[in-house]
Amino acid sequence: MFQTGGFNPCPMALAKGGAAAHSRMAADLSALANVAPFAWISVHANCDTVLDYAGMNGIGVGAAPTIADLATGRYTLTWDQSYTDDYGVVLPVNLFMGIGTVNVIQNMNVAVSVLAPNQIEVRVYSSHTAFADDSPSFVVVW
Amino acid sequence: MTTPLGSPAWVRAPGITDYGSATNKANAYGQGVVNARTDVGASAIMRMADHLAACVRTSPFCVGRVLCNDSTPAAPTISSCIIMPSGKTQASYEGNAPATGFPSFARNGDGDVTGTWASSYTDAYSVPGAYAPTFAVGGADSTANQNVSAYISGGQTVRFKLWDADAGTAIADGAFFFLVL
């Protein structure tokens with residue numbers, strides 16, 4: 001239970017809940033924290049640039065992982081092994097899965113493979129041909 | 001014993017009042033935060049409640065990784081799974097022997113499995129909330145051209161099929177990720 005200070009219970013004064021409301025907040029927040037993605041990444045068609053990024057470690061490309069263009073339609077994303085939250089607590093990057101899709105109306109697919117707890121490989125490809133460098137992609141990781 | 005307001009997150013019916021906020025929330029006696037280190041004001045609670053409700057509406061219920069066992073046909077292995085009520089699995093498990101609170105998985109054929117979730121789960125305060133899968137997506141854990149199809153047939157199950165995008169055939173002993181809302 002957070003402390004509300006000298007004017008306790010001012011934040012709860014107009015709510016009907018009190019402890020019941022805070023209990024709901026805690027339970028729901030716990031449930032969300034269990035399943036929340038670690039990051040969403042938008043990548044350029046050339047597989048060499050992160051266009052946008054939203055992660056637990058920060059928002060915007062400044063917080064994005066390092067991208068390496070391996071070959072046509074193939075790239076890796078590498079995060080630092082840890083990050084620091086708003087309170088200065090150092091937390092590990094511990095990825096275990098990812099899912100992606102192309103960011104364009106084409107018959108293209110994206111496959112994600114976790115190479116290390118802080119690194120994934122992404123492949124952008126056509127169903128009946130090979131890899132392609134003409135489709136931007138979205139990836140979300142946990 | 002205090003019973004939380006509202007319903008568990010996976011019921012997807014959050015409201016700001018469930019979290020102690022209100023549209024006319026105000027600080028008692030009109031007194032705002034005096035010390036940011038010790039006080040939480042009405043405006044902060046309002047924002048927190050609104051953000052929390054927004055996340056509850058759209059957050060996945062369960063995500064995980066499935067390894068199909070096809071060469072020697074058996075239930076798939078769930079190498080990792082995270083679910084709202086229970087958190088993350090401490091170890092991998094066989095789909096036909098899930099730990100309490102985690103989904104079971106059965107093999108239908110090569111690269112073809114069905115996951116089953118309970119119709120009700122309880123939150124951290126033992127409050128039950130009904131659940132049924134409503135959205136599902138999958139992605140191959142692969143460096144090859146592989147796809148995953150997800151199909152909610154109704155009830156508590158989601159069927160996933162892992163297939164070769166080039167050949168259009170099922171993939172045996174492959175692995176895929178899933179996300180279920």
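# Reading the labels of chains A and B

Guide: In this predicted model, B:Arg12 sits in the segment of chain B that comes before helix H1 (42-58).

Visitor: What is the phi of B:Arg12?

Guide: Near 60 degrees. The value is positive, in a residue other than glycine.

Visitor: Where is B:Tyr29 placed?

Guide: B:Tyr29 is in the segment before H1 of chain B. Its phi is positive too, at about 60 degrees, although B:Tyr29 is not a glycine.

Visitor: Why is B:Tyr29 called exposed?

Guide: Exposed needs over 50% relative accessible area. B:Tyr29 has 84%, so the label is exposed.

Visitor: How do you know that B:Asp112 is buried?

Guide: Buried means under 20%. B:Asp112 has 5% relative accessibility, so it counts as buried. Its place is strand E6 (residues 112-116) of chain B.

Visitor: Which residues is B:Asp112 in contact with, leaving aside neighbours within four places in sequence?

Guide: B:Ala106, B:Arg107, B:Arg159, B:Phe160 and B:Lys161. A contact here means heavy atoms within 4.5 Å.

Visitor: What makes B:Ser80 buried?

Guide: Its relative accessibility is 13%. The cut-off is under 20%, so B:Ser80 counts as buried. B:Ser80 belongs to strand E2 (residues 74-83) of chain B.

Visitor: Which residues does B:Ser80 touch, not counting those up to four places away in sequence?

Guide: In chain B, they are B:Val63, B:Gly64, B:Arg65, B:Lys88 and B:Thr89. From chain A, B:Ser80 touches A:Phe96. As for B:Pro133, it is 53 residues away along the chain, and the C-alpha atoms of the pair are separated by 19 Å.

Visitor: How many residues does the contact take from chain A and from chain B?

Guide: 45 from chain A and 63 from chain B. The area buried between the two chains is about 4,200 Å². Carbon and sulfur atoms give 64% of that area.

Visitor: Which three residues supply more than any other three of the area that chain A buries against chain B?

Guide: A:Arg24, A:Met25 and A:Phe96, with 16%.

Visitor: Why does A:Asn109 count as buried?

Guide: A:Asn109 has 16% relative accessibility. Buried means under 20%, so A:Asn109 counts as buried. A:Asn109 is part of strand E9 (residues 108-116) of chain A. A:Asp28 is 81 residues away along the chain, and 34 Å separates the two C-alpha atoms.

Visitor: Back to chain B. Which elements does it have?

Guide: One helix and 12 strands. The radius of gyration of chain B is 21 Å.

Visitor: Why is chain B called more spread out than a compact globule?

Guide: The globule rule gives 16 Å for 181 residues. The 21 Å of chain B is well over that, so the chain is more spread out than a compact globule. Along the principal axes, its C-alpha atoms fill a box of roughly 70 × 35 × 30 Å.

Visitor: What percentage of the residues of chain B count as buried?

Guide: 46% of the 181 residues. The accessible surface of chain B comes to about 8,100 Å², and 53% of this belongs to carbon and sulfur atoms.

Visitor: How many positive and negative side chains does chain B have?

Guide: 10 positive and 12 negative. The centres of the two sets lie 10 Å apart.

Terms used
Residues numbered from 1 in each chain as written. Chains lettered and ligands numbered in written order. Predicted model: local features only at pLDDT ≥ 70, side-chain atom pairs only at ≥ 80, totals over all residues. Heavy atoms only, no water. Helix = DSSP H or I, 4+ residues; strand = E, 2+ residues; numbered from the N terminus. Rg over C-alpha atoms; globule rule 2.2 N^0.38 Å. Buried < 20%, exposed > 50% of the residue type's maximum accessible area, 1.4 Å probe, protein only. Areas by Shrake-Rupley, 256 points an atom, 1.4 Å probe, with all protein chains shown as cover. Lys, Arg positive; Asp, Glu negative; His and termini not counted. Charge placed at Lys NZ, Arg CZ, Asp CG, Glu CD. Buried area = accessible area lost by both parts, 1.4 Å probe.
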